[in-house]
Amino acid sequence: MKKIFLAIAIISSLYIGCTSDDTIEDRPTFELITAPVFTAPDAGASYVFTFETKDALAERFTFTDADFNFDAAARYSVEIDVEGNDFTNPQELGSGNSLQIPVTVDAFNSAALALGLTPLEPSNVAIRIAARVGSGTPQFSDTRTISVTPFTTEAPSLYIIGNFLNAGGYGDDWTPSATLPKIAAAAFGATTFQGYVYLNNPAPEFKILPTNTSFDGDYGNLADSGDSTSGILIQEDETNIQLNEAGYYKIDANFTEPDNITWEVRKQVWGIIGAATPTGWDSDTDLTYDPTAKTWSITIALTADEFKFRANDNWDDPQDNVGKGEEDGFLGFNGGNLSVETPGTYLVTLDLSNPNAYTYTLELQ
């Protein structure tokens with residue numbers, strides 16, 4: 001029995017003598033000898049993405065192999081970040097074990113939007129290759145700068161600029177800015193635009209811009225419109241759209257036929273009507289427009305009943321009244337009746353300032 005215990009003791013001491021340091025010393029050391037180098041794309045390459053080509057190949061990134069002083073396969077990924085951001089918040093375009101990584105337009109575009117790039121405008125971004133062996137620390141290639149113009153699937157907008165901006169509470173006259181009023185399509189791919197703008201000038205003039213940053217690609221009228229409320233939009237040899245009366249206008253633009261782009265304006269005064277109001281369904285009670293808040297409102301006594309909002313005392317045009325919309329929380333043209341649950345005096349507010357996202361509130365006073 002003593003011999004058996006002695007043998008166990010010897011084996012135990014041998015096992016303990018093999019330390020963790022000995023094990024670590026036997027592990028391979030991954031030391032970067034040569035970093036990967038881009039072979040494509042070239043620095044300064046430019047990409048303009050469109051929804052129609054979203055499934056196409058945007059780029060096949062190629063690069064040389066990384067040498068980690070060990071015969072092991074590295075895993076590579078393509079990273080992108082805003083130029084000058086030093087890859088503090090990079091997006092990954094793709095990854096793999098080979099020396100080429102194909103990236104689709106859709107994947108590239110999504111990464112660009114995640115970085116906060118402005119759709120439809122070129123931006124410089126930096127790209128690099130990250131190389132890893134196992135779970136080791138990544139090593140990076142050279143950095144190259146390229147230009148990317150992303151697309152967006154948000155509803156497109158157009159912007160209204162003119163001689164009414166200052167008086168209407170939108171900024172400086174004829175000056176592109178983030179505060180320009182806009183008209184918008186209901187969804188991505190739609191070709192009709194609408195919105196409401198306070199043209200607070202006795203002789204309003206305006207043009208329509210594709211962006212709120214410059215006059216590039218601006219649209220104007222085919223001819224001097226004078227007192228016209230409709231016409232044709234063109235981009236060459238155009239004139240300002242001219243009206244002869246200040247007011248709150250619904251502006252429509254139709255791009256369905258590229259060779260026949262039309263515009264239309266209608267001056268409107270909004271009111272509240274219905275069984276819940278003092279005059280019932282017989283007549284409107286006009287709201288008052290606030291150019292600072294860009295809303296219509298009134299303080300009024302309402303009963304527990306139904307109502308709607310109506311423009312110009314008119315039921316003839318379905319877009320001259322709004323009620324319950326298809327989407328919760330939003331109003332829809334010619335929608336269902338709205339309702340008051342509790343009788344009382346209310347501050348009623350109608351907000352038409354966000355195209356295709358019209359809302360109202362009832363605040364019991």
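Which loop holds asparagine 312? The views below take that up along with a few other spots in this predicted model.

**View A. Asparagine 312 sits in the loop between strand E23 (306-311) and strand E24 (321-324).** Have a look at the backbone here: phi of asparagine 312 is near 55°, a positive value in a residue other than glycine. As for cover, asparagine 312 counts as partly exposed, at 35% relative accessibility.

**View B. Leucine 120 is another non-glycine residue with a positive phi, near 70°.** Its loop runs between helix H3 (105-114) and strand E7 (123-132). Is leucine 120 buried or exposed? With a relative accessible area of 61%, leucine 120 is exposed, because the cut-off for that label is over 50%.

**View D. Strand E6 (residues 100-104) has one covered face and one uncovered face.** Ile101 and Val103 make up the covered face, while Gln100, Pro102 and Thr104 are on the uncovered one. E6 pairs with strand E3 (residues 57-63) in the antiparallel sense, over five bridges. Within that pairing, glutamate 59 stands opposite valine 103.

**View E. Glutamate 59, in strand E3, is buried yet has no salt bridge.** Which side chain of opposite charge is nearest to glutamate 59? That would be arginine 60, 7.0 Å away. What the glutamate 59 side chain does have is a polar contact with the side chain of tyrosine 47, at 2.6 Å. Leaving out residues up to four places away in sequence, glutamate 59 touches Pro41, Tyr47, Ile101, Pro102 and Val103.

**View F. Alanine 40 and proline 41 are joined by a cis peptide bond.** Omega is about 10° for this bond. Proline 41 lies in the loop between strand E1 (38-40) and strand E2 (46-48), and proline 41 is also one of the residues that glutamate 59 touches.

Conventions:
Residues numbered from 1 in each chain as written. Predicted model: local features only at pLDDT ≥ 70, side-chain atom pairs only at ≥ 80, totals over all residues. Heavy atoms only, no water. Helix = DSSP H or I, 4+ residues; strand = E, 2+ residues; numbered from the N terminus. Buried < 20%, exposed > 50% of the residue type's maximum accessible area, 1.4 Å probe, protein only. Pairing = 2+ DSSP bridges. Lys, Arg positive; Asp, Glu negative; His and termini not counted. Salt bridge = Lys/Arg side-chain N within 4 Å of Asp/Glu carboxyl O. Polar contact = N/O pair within 3.5 Å; in protein donor to acceptor, adjacent residues only side chain to side chain. Contact = heavy atoms within 4.5 Å.
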